[in-house]
Amino acid sequence: MFEKSLTDLIRGIRANKKNEQKYIAVCLQEIRNEVKSNDLDIKSTAIAKLAYLQMLGYDMSWASFHIVEVMSSAKFAHKQTGYLAATLSFQQDTDVLMLTTNLIKKDLASPAVVDISVALNGLSHIATPDLARDLSPDLVSMLNHSRPYIRKRVILVLYKIFLKYPEALRLSFPRLKEKLEDPDPSVVSAVVSVVCELARKNPKNYLSLAPQLFKILTTSTNNWMLIKIIKLFASLTPLEPRLIKKLLPPLTSLIQTTPAMSLLYECIYTVITGGFLEAAGEAGNALAATCTNKLRKFLEDPDQNLKYVGLLAMGRLLATHPKLVAEHRDIILECIDDEDLSIRIRALDLVVGMVNRKNIMDIVKKLISHIMPKKTESISLHDSSAIFDPMYRMDIINRIVFMCSQNHYHNLNDFEWYISVLVDIAYSAGVNVGELLTNQLMDVSVRVKSVRDYSVKQMYNLLQDKHFLETAKKRDSNIDILSAAAWICGEYCNYLEDIPSTLECLLSPQAANLPVKVQTVYVHSVIKIYAYWTTDLISQWNAELQSEFVKVTQIMYEKMDMFIYSADLEVQERAHDVKSLFKIVLDATSDPTLEDAPLVLQDLPKLFFLYELNPVAPKAQSKVPIPEGLDLDTWINEPLPDLVQDAESDGSFEEASKYEKVGKSSRKKKSKSKGYESSEDEAEKERRRAARREARKNDPYYIMADDKKGLIDVDSIPVVELNVEEINSRASSLKKTKKTKRSKRPKSPPKLPVYAEEEMPEDAAVSEDEKEDNSNRKNKAKAALYTKKSTRDIFDNAEEAGLNNVDLSTPLGEDEKFQQVKAYLSPEELRLQEEAKYRSERRQLRALQKKNEKALEAKKSKKSSKASKEEGSTEKKKKKKGTKKTKSDKTNDAETAGQNDLVTIDNDVREALVDRQEQVDMFKEVKVLEVDYVRMISSLRLKSDESPVVVVQFSISNLSEEKMLPKLRLEFAESFDLKMIQDNIPTHIACATETFELQANEVVECIAHFEVLGNVRPGLCIRGVLFYDVEESSTINQSPFEIPIPASLFLNNKQPMDPVHFATLLAEHGDEFEHHENASIEVPLPSETSSIESILIKALNKVTTTSGLNVVEVVPGAASLYGKTVQGAQVAGLLKYTLQVDSEPKLAILSIDLKSTDEGLLEGLIHEISCIKID
């Protein structure tokens, strides 16, 4: 009675902050004793304290059984504590979870709403596959609970059940679908939420819900439910494009009228991403303009979240309507200055897509202002900005380069301005982007001839900037740009104004502190500039000039020593080569008596400037013509047998073949190398391994392993194919062509850039594909987007993988039911059950004994009465025959009387009608498709005369005589008109949804049933796709097909119409036949008059066979027709004919006038009759 309560525990923890762990240890020992108590109040309090300590990090899994005891209490307070502790501590592998099945069942059946609610909440947290399987029938039955609150909670819990037990989704989906029409809006909202989550991965399963969801969309006022429905429709529209036209009016109305920003955004986002703008046709531009105007309100709103989603939707719209987004450039540029980094990034994405030739300078200046310090006097050149982090600054620089260089510098006219921008970024970037700037400067200088003079001047200023050289050791220094400066000055040294000063900069002592890559370019540029300098000196050669020249060369020769002592081998090698050239020049010019320049100086420039360096065209490599007779799949030199055996031993060849591409070249290589496969035994392999180890022992450059585990088995190393083309394509994507110019006098118009001629291989011609690529590149230039690598989906859930495999398109079979949980009986119940079974067996035994006694008595009396029974049976047979004869006579008399009352029908016409009936009953085969390997023929019929179920029987043939089709299957598209159903009647024909394997020339038959949901109309057809694999091919072939369903198929032609009833029908219900159409058919007549009658009978036969109409009555020159569909629609008609025998050719014009109660049926029949051709 003196136990601590939860409040006492919390107060004690707060009071013992210095000895908290010691105090909690004492409390845990007290709790261990309390949970063993028989008093549920004490036990419940102990579990509540344990739950609190669990949240502080203390384990309570040891008390799981006691938690179940508290959960089973009849008091709600105890039960609530137990379920709370279970949700905190139970895991999927907790042992006592198997004890909670009946407990939760009992709580779910409780009359108290609070007990049901707490059980549902706990089940959603502790559900396991076993619990989900056992409790799903109970939950589905609770969908009809009288309280909407419980129905709503059950629907939400079912989603967690589906994750653990995916089979329950298929079994409960029809019941879940019914709840979309629940009278309570909260229940409907819960169903929509669950379906939206289920359809996130596999929306195809939920296409059948489109009509109900559309009804909710147009009638509901719950904004959150509308948001869910619109999200769901966004995933369904790619599967059913007809939904777009249906959804466009309500979505447009919501965009224009709704005041809710969340609903407005979801409508706009769905319209943009769901293909509505393209499907709207001419109205798409107006709708896009409305969306952009609405999104502007998002950007003007002070709420940061609305700004972000507005920019996100604008980014989606930018790909299709860049001009509309560019109209709001002012507000987008304001977002770049926002304090929120995520908003700035989204705004930058939009800015990159809005760039064109007119606004690129303004946008770049705006972006540069983010990385340029405002007070350059007080801030160091390479100190990071205090406002923006380095990653953001680097992102801005990458975007600037991307905007200027995209589509081969399509947006640039002033390349001098671009060179200045790159140089300014090098000074004030605050991050290391030297490699990016280097590639850009070199690329622009090579491709644009007119900018080379300005580029050389800017690079010379960089080389002589001593303050810039001092930043070489800083982490954020862009000192790598000096390699571009040296290379440009060396390659285009003819633009240098002061060559000796440039050489002095390249040979300054600070060059030894530069990176190795920069030093390498420095050494190469020194000799190139020196070689060009000699060309100017040769024409002015004299003794005084010779003396000065020798002094300068001697100084350069000595300064080259700082590169010779570099730690990099390439720098050393280049320095030695240059120094050797200087030595040769010094030896040639050391003679003071020389009157002319030595030949060495005259030929030195030819080593570096013999050919002009031009840019290579982007597609030059692909345009290289393949020489005649060159086969790249054959060996140039046959490989040595030993090397091939080493490479293919221990199954390495088979392992490497997994990585080979499927293609002709790989198959050829495989066939070539098969000849070298080794059949050696293990002893031979071990001998080679031992020889290899022995050779390595004497190798001073090979480090041997200490133990045998460290030895590497070369024979077991798999060979992996490296795709060089993919590596080159990735490397080239980092070096896109870029061209820019800067002019500091914006008032004067920029000069048109002069581009260098791009080099192409010999005999290369521009192909049609290249022309199409160029046109596509121009069209896509306006909507170019700056994208980054996509990351994984953070919402990806491994539990949802099982739901994706559930097929909801086919109806449930009779054997598909929830598993019934076996109830275990108590000992008393078992005893009563055994007693009842014993009494039942005793009663059956006594009944059997009585039956045997009666059988013996009947057997004795049978012999005595046998003669009398035979006589009586003979008399009865005679009387029966006389009765039958009388009945048959009466029937014939009635038929004769009925025939006399009707209008007489010619025998020829009667035979024609009989023939027609036989032809209608037959299957009508239609060739659906025929491709390289497969021919598919189908035949249609109604399943019965009472239901609109179409039975389609397929005959699929393998046309190949050599190859089999290992996998062949059919997939049918669902629509609002047709729904595939499963026929429960057993048959020997396979279902069309199965997967078949067809051998060569094999034919397989399958059958499918489709229920017609709507009325009969023209254009009704079954759509599907045929998927099949061909042997020895990895390609999955697919062929779409359509099977038109004629309207005449639905007519019930087995019950002829009585003429009297037909006349009564038209007299009393003629106003219901409100739709009227007519058609005419030309029938060519022979020259012989005697055979005209047979031709007309044949034409009548053709009309009735095609249309499915019954002939009610035939009179001279006309016939009345009637038909009724299985849906109840009726059609009546009159067929007349007129003869034209006076003129040639002789014709009979059949005129058919039809009236119907259904417009779609009438149009379908008229279309079929109009297509009749009678020869």
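**Helix α15 and beyond**

A: Start with α15: its buried residues pack against α13 (223–236), α14 (242–257), α16 (276–279), α17 (283–300) and α18 (304–318). Helices here are DSSP runs of H or I with at least four residues, strands are runs of E with at least two, and both are numbered from the N terminus. Contact means heavy atoms within 4.5 Å.

Q: Where do these numbers come from?
A: This is a predicted model, where local features need pLDDT of at least 70, side-chain atom pairs count only at pLDDT 80 or more, and totals for chains, interfaces and linings use all residues. Residues are numbered from 1 along each chain as its sequence is written, and side-chain values use heavy atoms, with hydrogens and water left out.

Q: How many residues of α15 are buried?
A: 10 of its 13 residues, so the helix is mostly covered, where buried means under 20% relative accessible area, exposed over 50%, and partly exposed in between (1.4 Å probe, protein chains only).

Q: Which ones?
A: Leu263, Leu264, Tyr265, Glu266, Cys267, Ile268, Tyr269, Thr270, Val271 and Ile272 are the buried residues of α15.

Q: What span should α15 have?
A: 18 Å, for 13 residues (261–273) at 1.5 Å a residue. The expected span is 1.5 Å times one less than the number of residues. The end C-alpha atoms are 18 Å apart, which agrees.

Q: What comes just after α15?
A: Glycine 275, with a positive phi of about 80°.

Q: Zoom out. How many helices and strands are there?
A: The protein chain has 47 helices and 15 strands. Of its 1175 residues, 41% are buried. Take contacts between residues at least 6 apart in sequence: 72% of them join residues at least 24 apart.

Q: How many residues are in the largest nonpolar core?
A: 220. A nonpolar core is a set of buried Ala, Val, Leu, Ile, Met, Phe, Trp, Tyr and Cys residues joined through side-chain atoms within 4.5 Å. Leu139, Ile400, Leu482 and Tyr522 have the most contacts inside this core.

Q: Which helix gives the most to this core?
A: Helix α30 (residues 516–538), with 11 residues. Another core lies apart from it, with 66 residues, among them Val928 and Leu968.

Q: Back to Tyr522. What does tyrosine 522 touch?
A: Leu463, Leu482, Ala486, Cys505, Leu506, Ala511, Leu514 and Phe563, not counting residues up to four places away in sequence.

Q: And serine 483, buried or exposed?
A: Serine 483 counts as buried because its relative accessibility is 3%. This serine sits in helix α28 (residues 481–491). Leaving aside neighbours within four places in sequence, serine 483 is in contact with Thr438, Val518 and Val521.

Q: Surface now. Where is aspartate 815?
A: In the loop between α41 (768–780) and α42 (827–864). Aspartate 815 is exposed, with a relative accessible area of 71%. Its C-alpha atom is 10.0 Å from that of asparagine 984, 169 residues apart along the chain.

Q: And leucine 99, where is that?
A: Leucine 99 is in the loop between α5 (76–89) and α6 (100–108). At 46% relative accessibility, leucine 99 counts as partly exposed.
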